[in-house]
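Please look over the structure shown below before reading on.

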Amino acid sequence: DRLSIRLNRPHAHNAIDRDLRDALREAFELAALDDSIMAVSLSGAGRAFCVGADLSEFGTTRGPAFPHAIRMATLPAHAIALCADRLHVHIHGACVGSGLEMAAFAAHITASPSAWFDFPDLAMGLIPGAGGCVSLSRRIGRQRAAQLILSGRRINVATALDWGFVDTLVDD
């Protein structure tokens, strides 16, 4: 009755590439469709929870419309939202970009003292593309979500706890 999902690209700090994105979508679709799964957990292997999208894949497809269409069809956020009430996320180390966006959907987030959070998308000429405008706003409010998204400011675990992004601090 429990589904444990572990980001397992520690050599890339769990950056989300095509294969990982597709596997995440499949895992969360399973959780959304299977009523016998009562709890879903998401964690990361290695030194970081997730550093966001794998930047080495940027610019590898023609034009901006085609990759956007691919991401919209394969985005895990839709399935994550359907099982968010059963989702627990544990964050350690970096939680950046789309990793932060996915985590924000969770009903409960724990973090280790080493956790830190960053949303550098705008500085790279990108907009949140993994559901972050919705998930962050629901989790920490529109003003704080806007501050995090627009400023690109890194916040520590104490600030994330104060803002309500993190529910519980746990020592690994």
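Which residue in β3 does S41 stand opposite? In this predicted model, S41 stands opposite H88 in β3, and the two strands concerned, β2 (residues 39-44) and β3 (residues 87-91), pair in the parallel sense over three bridges.

These strands belong to an open sheet of five strands with parallel pairing, whose order is β1-β2-β3-β5-β8. At its edges stand β1 (2-7) and β8 (168-169), each of which has a single partner strand, so one side of each is left without a neighbour in the sheet. Helix α1 (residues 18-33) lies across β1, β2 and β3, and the helix runs at about 170° to β1.

Another part of the picture is helix α6 (residues 142-151), in which L148 is found. Leaving aside residues up to four places away in sequence, L148 touches L100, F119, L136, R153, I155 and W163. The C-alpha atoms of L148 and F117 are separated by 9.2 Å, although these residues are 31 residues apart along the chain.

| Residue | Relative accessible area | State |
|---|---|---|
| L148 | 3% | buried |
| C83 | 0% | buried |
| C95 | 0% | buried |

As for the cysteines, a search of the whole structure finds zero disulfides. C95 is in no disulfide, and the nearest cysteine sulfur, which belongs to C50, is 7.2 Å away, whereas a disulfide would need the two sulfur atoms to be within 2.5 Å.

Definitions and conventions. Residues are numbered from 1 along each chain as its sequence is written. This is a predicted model: local features need pLDDT of at least 70, side-chain atom pairs count only at pLDDT 80 or more; totals for chains, interfaces and linings use all residues. Side-chain values use heavy atoms; hydrogens and water are left out. Helices (H or I, at least four residues) and strands (E, at least two) are DSSP runs, numbered from the N terminus. Buried means under 20% relative accessible area, exposed over 50%, partly exposed in between (1.4 Å probe, protein chains only). Contact means heavy atoms within 4.5 Å. Two strands pair if DSSP finds at least two bridges between them. Axes are lines fitted to C-alpha atoms, for helices over the stretch in contact, and angles run from 0 to 180 degrees between N-to-C directions.
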